[in-house]
Amino acid sequence: DTCHRKGWYEIDAVQMRGGVVQPVNVLNATTRLSFAAAPGFTGDVVFGLTATDCAGSFAATSDTQNMLIRVLPPPYTTDFEAVSATWVPVDAAAGYNGSRVDHVRVLRLPRHGSLRYGGAAVTALRADLGGAGARPEFEYRADSCEKSGADSFVVQLGSEAVVTVRVAACAYPSMVAAVLVPVLCVALLLLGAGGALWWFFVRGKSRDNSCAPKDSGAPVCVLFTDIQASTALWGAHPEAMSAALDVHHAVIRKLIKKHKCYEVKTVGDCFMVATRDPKAGVALALGIQDAFYEYDWGTEDIDDVYKDQTGYEGTAAAYRRLWNGLRVRVGV
């Protein structure tokens, strides 16, 4: 501080996050500024201190003195595994070694997921969720694994006990859509395209199988399609996804007919297609990409999910040059 004379020091203002603390005058004494971090806050805080006009003795302004305060995480932590778009139970007291729980309060909410306590959504901070002896059992649902892998929330279990609950790992729902559909597609291929195709061809006479491969001794080109991140899309925007799936099926079936291929089967959003001509199969795969890219989906919801999952930070124009609407993977 360069602003002092005859033992008189004046602190005119302390500014923190845009707010100004009232001036404090100190005569021939030492003063202390006390800082109390908000419950659940961790990280660095910087504020500047400047002295001006020492009691009118002379006009002067000191250089700003920057103060750094580092707030360390709470002493107790517990980890759990999350599942994308699925509620999973979380015991917030798993990392707490104290004797008993006086009360349960949430001091910081998760950024990339939702939280429930006793079946009710937790949206307010520091509200009493349970009294003495309450078990801090929550439910957490990850928005997407790409971001929820670093998510956390903070719970106060008593007058001094604070627990940071962290997402240690995140997975997509198994067996339902994220794993079952691709596995079924691969299983069909492993069972043998010839036998599978024959079974589908003879099961009914109502389908037009004029383009189906029928020569058992000739090579067969088989295609499998799959919508990227379909589980996340259904979880985030079910209405938009329902309309998009109708478009998905209509576009692919139109292209199958155009390139004289044969629709063997659909499993969820996965198509199995066969053709006698590998060139036709490749043309179909490329045609699917072009058709979906040029289609007017009428919503940004689908692209927003993909941007969120991939952490896209570029401009909208740059994104549009590469992507539009549903992303469909095709294996040939």
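Mentor: We will take the labels one at a time and set each against its definition.

Trainee: What kind of model is this, and how are residues numbered?

Mentor: It is a predicted model, where local features need pLDDT of at least 70 and side-chain atom pairs count only at pLDDT 80 or more, while totals for chains, interfaces and linings use all residues. Residues are numbered from 1 along each chain as its sequence is written, and side-chain values use heavy atoms, with hydrogens and water left out.

Trainee: What makes strand 15 and strand 17 a pair?

Mentor: Strands are DSSP runs of E with at least two residues, and helices are runs of H or I with at least four, numbered from the N terminus. Two strands pair if DSSP finds at least two bridges between them. Strand 15 and strand 17 are joined by four bridges, so they pair, and they run antiparallel. Leucine 223 stands opposite valine 273 in strand 17.

Trainee: Which way does strand 15 run against strand 18?

Mentor: Strand 15 and strand 18 (residues 328–331) are antiparallel, with four bridges. There, aspartate 226 has arginine 329 as its bridge partner.

Trainee: How do you know that threonine 225 is buried?

Mentor: Buried means under 20% relative accessible area, exposed over 50%, and partly exposed in between (1.4 Å probe, protein chains only). Threonine 225 has 3%, so it is buried. Threonine 225 belongs to strand 15, where seven of seven residues are buried. Cys221, Leu223, Thr225 and Ile227 point one way, and Val222, Phe224 and Asp226 the other.

Trainee: What does threonine 225 touch?

Mentor: Contact means heavy atoms within 4.5 Å. Leaving out residues up to four places away in sequence, its contacts include Ile252, Asp269, Phe271 and Val330.

Trainee: What makes a set of residues a nonpolar core?

Mentor: The members are buried Ala, Val, Leu, Ile, Met, Phe, Trp, Tyr and Cys residues, joined through side-chain atoms within 4.5 Å. The largest such core has 29 residues, and Ile227, Leu233, Leu284, Tyr306 and Leu326 touch the most other members. Helix 5 gives the most, with eight residues. Apart from this core lies another, of 23 residues, among them Val90 and Ala142.

Trainee: Which strands form the open sheet, and in what order?

Mentor: The order is 7-14-13-9, with mixed pairing. Strand 7 (76–83) and strand 9 (105–108) are the edges, since each pairs on one side only. Strands 13 and 14 are antiparallel over five bridges, with phenylalanine 153 partnering valine 165 in strand 14.
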